[in-house]
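Please read the following report alongside the sequence and the three-dimensional view.

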Amino acid sequence: MENSIKDPVEILQKYWGYDRFRAQQLDIITSVLHGKDTIALLPTGGGKSLCFQIPALCLPGVCIVVSPLIALMLDQVRRLKELGIEAEALHSGLQSREISNIISNALYGKLKLLYLAPERLNSRAMKEAFASMNISFFAIDEAHCIAQWGHDFRPSYLSIADCREHLEVPFLALTATATPYTRTEIQTQLKMKDPNWFEMSFRRKNLSIIVREEEQKRDFMRHLLQKTNGTALVYVRNRKATVEMSEYLQRNQISANFYHAGLDPLIRSEKQERWINNIDRVMVSTNAFGMGIDKPDVRLVHHIDLPPGIEEYFQEIGRAGRDQKHAYAVLSYFKGDLQKLQKDWELQFPSLEELKEIYKSLAVYLDVAKGTIMEEGVEFDLAAFSKKSGWKTDKLLHGLRILEQTGKIFLSDALFRPSKVQVVGSESDFRQVMQNEKAGLVLKALLRSYEGIHSVSVSVAEKQLAKLCSLPLEEVVYLLKKFHAEGIIQYQQARSKPQIQFAGERIDSKYFQIDKKWYEKRKEILKQRFESMIQFVLHKGCRQVYISRYFGQNDDEPCGNCDYCMEVRVKAPDAKALEKWKQTIVSHLNNQKQAGLREIYYLFPLNRRKQIELLLEQMIASGELTRNWDQITLKN
């Protein structure tokens with residue numbers, strides 16, 4: 001039985017192979033080990049997960065990790081298991097028997113970390129389990145979700161503090177994006193008693209933040225990737241653009257792939273692994289990509305579309321340069337993007353009457369009668385709901401988010417649940433099946449390939465079965481469904497859609513209400529967020545100073561690495577340098593006959609743009625070059 005605190009450095013060396021902690025990690029861990037409530041503000045890439053995983057292994061008992069992202073929970077559990085650490089996650093993709101086994105293991109001291117979503121804390125079974133569980137501490141990841149006027153409010157986070165009424169255990173709250181208001185909310189809503197605060201600087205000394213007005217964004221992206229080495233992330237705001245941009249890069253001999261939440265989970269996993277293993281150099285993605293991925297050698301993060309706020313932007317650029325080597329975060333925009341950001345904000349708020357109708361349509365679609373309580377979530381296909389209800393997908397998506405934030409429904413991210421099979425038939429059933437050659441092949445493959453399939457449901461890969469039997473995948477799936485219908489097996493086919501559930505009783509639409517004051521304040525808060533993003537884009541000053549101030553840090557020292565700082569410190573070219581630049585332009589035009597302005601700009605470093613513009617004007621005025629619109633020609 002565990003009865004003493006272990007040394008954090010020894011744990012770090014044993015499981016992770018590092019000799020020392022990053023800045024503030026050990027201080028945070030020590031605070032938790034001393035039983036203190038602790039708040040840690042660590043930027044993306046600051047090593048948040050070790051701050052609760054290490055003390056979980058040092059202390060007796062099990063650490064409860066609260067996280068809103070199922071995919072991230074499962075990824076961390078997988079990594080911990082690979083290291084030989086006992087960890088599990090409770091999520092909606094599990095059967096009741098699996099949930100019972102996990103809780104039982106936690107009760108009997110067989111787990112060091114138990115991950116769960118905040119919604120699960122309210123269940124009677126979980127509360128009863130906690131009462132008998134030896135809990136070392138609670139770790140609340142993405143703690144900014146508790147701030148009602150923050151960028152990613154989740155009402156279920158407000159119930160976390162209820163655990164304090166029955167459990168005398170410390171809380172550790174962690175987040176990468178917390179404004180001054182959010183920081184206050186974290187401490188207040190979690191009912192923390194004189195917590196220890198730890199805050200890392202939001203400065204990234206090795207990161208050059210570049211904001212560039214560009215109309216030809218695709219060409220600019222190609223130019224950046226041709227000028228930089230190493231892996232890259234390109235962020236866009238819609239799924240169609242991920243495909244188009246990756247195909248454009250491939251046509252230009254740049255190894256690229258695309259990623260978005262609408263892809264099958266197995267395909268997403270395969271694409272992710274190809275990028276992590278440097279098979280594909282560039283990943284073009286929506287914001288669905290990147291959470292929990294710790295790839296150290298990303299040299300460039302390029303935003304082709306404007307993020308909705310500084311929080312999302314800072315989190316996404318934090319994926320560059322985690323190896324502490326120099327990296328670039330580039331945001332390209334044109335004036336129309338600024339108006340589009342405002343329009344997108346307006347679309348995020350269906351009217352109160354529309355929200356009422358969306359709620360009603362959802363009840364009809366899910367066939368949930370008024371007064372009914374849904375015991376568990378069900379799979380939800382947004383596109384199918386949109387088609388059947390007649391609502392546009394974008395409006396539905398924003399409407400459902402508001403319904404979640406007002407506590408009307410629960411939503412969870414897409415979760416892959418593998419196919420499961422348990423053999424329940426008798427010997428005589430098997431003999432009957434064996435009379436058919438193909439059916440017999442599939443049944444034999446099941447019985448020989450999956451140990452314990454008679455007593456419990458086991459995960460089954462239909463593709464592997466098809467390969468073993470030399471049969472088409474469609475035929476194997478058909479036969480499995482046939483066996484299920486005949487009572488020979490119990491077959492649950494793989495699923496990969498998000499989960500949705502009404503919170504409490506499904507309300508009669510005539511009693512449906514949303515607080516108008518809350519709704520209007522939410523609109524105003526989000527308006528301030530997108531306005532802050534626009535101010536950042538147009539800011540005439542150090543980019544890192546702007547970000548530090550946004551997150552409440554008084555760090556006014558210019559970074560020296562961003563586009564503004566580089567332009568300020570760049571020296572005017574002397575006569576020798578000017579002559580060399582002229583020769584570069586003339587040589588290029590001799591080869592190309594004529595070239596676009598941007599093509600010429602791309603011959604020089606980004607921070608020389610204004611000086612090259614001036615040089616071209618001088619060469620045109622002196623008669624060395626001619627210009628027709630944006631095409632430059634060498635004058636004969």
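## Cavities, sheets and helix packing

The largest cavity is lined by Leu233, Trp275, Phe289, Gly290, Ile293, Lys295, Val298 and Arg319, where a cavity is a set of points on a 1 Å grid over the protein atoms alone at which a 1.4 Å probe fits but cannot get out, and lining residues have an atom within 4 Å of a point. This is a predicted model, in which local features need pLDDT of at least 70 and side-chain atom pairs count only at pLDDT 80 or more, while totals for chains, interfaces and linings use all residues. Residues are numbered from 1 along each chain as its sequence is written, and side-chain values use heavy atoms, with hydrogens and water left out.

The search of the whole structure finds two cavities of 30 Å³ or more, a volume being the space filled by probe spheres set on the points, which are joined across faces, edges and corners. The second largest cavity is lined by His223, Tyr601, Tyr602, Phe604, Pro605, Leu606 and Arg609. In the table, Ala, Val, Leu, Ile, Met, Phe, Trp, Tyr, Cys and Pro count as nonpolar, Asp, Glu, Lys and Arg as charged, and the others, Gly among them, as polar.

| Cavity | Volume | Lining residues by class |
|---|---|---|
| Largest cavity | about 40 Å³ | five nonpolar, one polar, two charged |
| Second largest cavity | about 30 Å³ | five nonpolar, one polar, one charged |

Helices (H or I, at least four residues) and strands (E, at least two) are DSSP runs numbered from the N terminus, and two strands pair if DSSP finds at least two bridges between them. Two bridges join β14 to the antiparallel strand β19 (residues 499–502), and Glu379 has Gln499 in β19 as its bridge partner. Ser361 lies in helix α13 and touches Phe385, Ser389 and Trp391, residues up to four places away in sequence not being counted.

Another open sheet of three strands has the order β20-β22-β21, again with antiparallel pairing. Its edges are β20 (594–596) and β21 (625–628), each with a single partner strand, so one side of each is left without a neighbour in the sheet. Three bridges join β20 to strand β22 (residues 631–634), and Gln594 stands opposite Thr633 in β22. Helix α23 lies across β20, β21 and β22, running at about 95 degrees to β22.

The axes of helix α23 (residues 575–592) and helix α25 (residues 609–621) come within 11 Å and cross at roughly 75 degrees, which makes α23 roughly perpendicular to α25. Angles under 35 degrees count as roughly parallel, over 145 as roughly antiparallel, 65 to 115 as roughly perpendicular and the rest as oblique. Leu578, Trp581, Lys582, Ile585 and Val586 of α23 make the contact with Gln611, Ile612, Leu615, Leu616 and Met619 of α25. For helix α16 (residues 427–434) and helix α17 (residues 437–449), the axes come within 7 Å and cross at roughly 135 degrees, and α16 and α17 are therefore oblique to each other.

Terms used:
1 Å grid on protein atoms, 1.4 Å probe; cavity = no way out; pocket = protein on both sides within 12 Å on 5 of 7 lines; lining within 4 Å. Axes fitted to C-alpha atoms, helices over the stretch in contact; angles between N-to-C directions. Contact = heavy atoms within 4.5 Å.
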